[in-house]
Structure formats: structure tokens, C-alpha cells
Amino acid sequence: MTAHFVHESEDGDYAVVGVFFDSGDNPENPGEASLLIGTLWDVKDDPSATVNENLHSLIDPTSGFYHYSGSFTTPPCTEGVLWFVQARPVSVTRQLIEDMIEHLGGHPGTARPTQPINGREIGYNVK
């Protein structure tokens, strides 16, 4: 499972931070990431919702990240979007992943098939 956090600059430029998730079941301690995603899930249909949560539980500064110029994965598939994709997945509960697939659809529930690289450079950075 992945999450895309879309950012728009004042100039109308876009950047997306992509985070992969995998199952790390521990019912005693679901982890900060599971709790955060649960909070975001609770307000997903409220366009006026404000969430004052720390997103640091989703970012692993030791993971490294891939970066490239691409496009949105949903219509209108705007091009020229800067992508930053964390290399190492974040653990969330299996139940959270199953709930997301049930409500949002799993593969092939994506809006756009994988696109050819077309000469784009894909970088990798790690601390």
C-alpha cells in the first residue's frame, strides 16, 4: 500500500512525497503510523477538516528516497510533478491495510497504469 502527500507551491508547482506501507502486526502496539493513518482516514471525506498531527512517524530519515519528475497518478495526470519516494516501507497493522483496500480498492484500483521512463532520470539519495 502507498500514500501520496501532494504539495502545491504558491507558484502552482507540485511535489509528491510517496510512502510505502507493509504489515507489521503488533496488536498490543499498532504504531504511530497506524494511528496517524487512522486519524487521516476519519476525516478523509471532510474537505474543511484540519488535522494537527505530526507526520514524522511516516518518514524514516535513514531510509533514503528516490526522486524523479513525473505526473499525477489520477486524472488529469498533470505532468511536471516532482516525486520523492521513501525507499523503506513503514509498518502499519494488517487490519489498516485491509480496511484501506476494502474502502478504496486495491490493485487494479489505481487510476493510471505504470508509465514508461521515457529517458527520465531517477535519482536515489541516502543520508
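Histidine 56 counts as exposed because its relative accessibility is 61%, where exposed means over 50% relative accessible area, buried under 20% and partly exposed in between, with a 1.4 Å probe and protein chains only. Histidine 56 sits in the loop between H1 and strand S3 (65-71), and its C-alpha atom is separated by 9.2 Å from that of glutamate 32, which is 24 residues away along the chain.

These values come from a predicted model, in which local features need pLDDT of at least 70 and side-chain atom pairs count only at pLDDT 80 or more, while totals for chains, interfaces and linings use all residues. Residues are numbered from 1 along each chain as its sequence is written, and side-chain values use heavy atoms, with hydrogens and water left out.

The chain holds two helices and six strands, arranged along the sequence as β-β-α-β-β-β-α-β; helices (H or I, at least four residues) and strands (E, at least two) are DSSP runs numbered from the N terminus. Of its 127 residues, 22% count as buried.

A nonpolar core is a set of buried Ala, Val, Leu, Ile, Met, Phe, Trp, Tyr and Cys residues joined through side-chain atoms within 4.5 Å. The largest one has 13 residues, of which Phe21, Ile37, Leu58 and Val92 touch the most other members.

A second, separate core of five residues includes Val16, Phe72, Val81 and Trp83. In soluble globular proteins, nonpolar side chains tend to be buried together. Leaving aside residues up to four places away in sequence, valine 92 touches Phe21, Asp22, Ser23, Gly24, Ala33, Ser34 and Ile97, where a contact means heavy atoms within 4.5 Å.

The second largest pocket has a volume of about 170 Å³. A pocket is an open set of points on a 1 Å grid over the protein atoms alone, where a 1.4 Å probe fits, with protein on both sides within 12 Å along at least five of seven lines, and lining residues have an atom within 4 Å of a point. Its lining includes Val17, Ile59, Phe84 and Lys127, and strand S4 (residues 79-86) gives the most to this lining, with three residues.

Note on methods. Grid points are joined across faces, edges and corners, and a volume is the space filled by probe spheres set on the points.
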